[in-house]
Every structure is written in structure tokens, then in C-alpha cells.
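Me: I have a structure open here and would like to talk it through with you. Could you start with the packing and then move on to whatever else I ask?

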Amino acid sequence: MQAEKLAHFKTILLSQLREHAAHVLNDQAAALDLSSDDGVMDPADLSLMDHYKELALRLGERESQMVADIDQALLRIKEGSYGICARCGEVIDERRLEALPTARYDAACQTAIEQANGNDQPPTL
């Protein structure tokens, strides 16, 4: 991949990294805020609070996974393997990388992986 294209994708990834890292911090802060107890809650309030806390933690886990995926993509740029399918070694279409800059597989391999994992729905990207 050309150096200018790599720089373009690196800029996109760094921007997404900052955004998702901020979301992780916000989700963690929200989960901690929900943990505060004023001692005057009835069982329904406690149940709802637990539900909100679990939701905040799950959102934080998703954001943390996105941060990890972005870190891996940045590492692939550094190593020179960005834009190359990790399964078949073919070049990943730039349109796919524009839509999903963290993509590790080309569309055909992603489809095969999803079908092997029991996800028979057509790929969205």
C-alpha cells in the first residue's frame, strides 16, 4: 500500500482511538457513579440500578475491544502488513478499509469465517 494511503488510514485510526478511549473512560465513570448508594433505595430501584450498571460495563467492554482492534491495526501499519488479509494474504479492498479501518480479512475470508462460526447471514461490510 502506498505511503500516503497508509498515512490516511493511520490518521483515521488515531482519531477513532481517541474517540473510543474517551468512551471507555466515560463508561467506566458512569458505572462507578451508578455504584454510589445513598441507602434509601427500594428493591425495584436497586434492580434498575444493577441493570444500568451492567449495561454501562458492557458498553465499556465493547469500547475496550474497539481500542484493542485499533491498536492491532496500528501495529499492522507499523509492521507493513496493514491492508493484507490475515487469512489468505490477498490485498483488502480499500473501500472495505474505508468502511472498517480495523479489518483484518478481505470480504471473502470474512464471509467464510462467519459461515464457519454459524453466522450464515450475508456480510454487512
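Me: Which residues does L13 touch, leaving out those up to four places away in sequence?
Reply: In this predicted model, L13 touches I70, A73, L74, I77, Y82, P101 and T102 once residues up to four places away in sequence are left out.

Me: And what about the largest nonpolar core, which residues have the most contacts inside it?
Reply: That core has 16 residues, and those with the most contacts inside it are L13, L74, Y82 and L97. At least two of its residues come from α1 (3–35), and at least two from α2 (43–79).

Me: Which element gives the most to this core?
Reply: That is α2, which contributes five residues to the core.

Me: Switching to cysteines, how many disulfides are there?
Reply: The count comes to zero disulfides. C85 is in no disulfide, and the nearest cysteine sulfur to its own, that of C109, is 3.7 Å away, whereas a disulfide would need the two sulfur atoms within 2.5 Å.

Me: Is C85 buried or exposed?
Reply: C85 counts as buried because its relative accessibility is 3%, and C109, at 6% relative accessibility, counts as buried too.

Me: Zooming out, how many helices and strands does the protein have?
Reply: The secondary structure comes to four helices and zero strands, so that from the N terminus on the elements run α-α-α-α.

Me: What share of the residues is buried, and how much accessible surface is there?
Reply: Buried residues make up 24% of the 125 residues, while the accessible surface comes to about 8500 Å², with 53% of it belonging to carbon and sulfur atoms.

Conventions: Residues numbered from 1 in each chain as written. Predicted model: local features only at pLDDT ≥ 70, side-chain atom pairs only at ≥ 80, totals over all residues. Heavy atoms only, no water. Core = buried A, V, L, I, M, F, W, Y, C linked by side-chain atoms within 4.5 Å. Buried < 20%, exposed > 50% of the residue type's maximum accessible area, 1.4 Å probe, protein only. Contact = heavy atoms within 4.5 Å. Areas by Shrake-Rupley, 256 points an atom, 1.4 Å probe, with all protein chains shown as cover.
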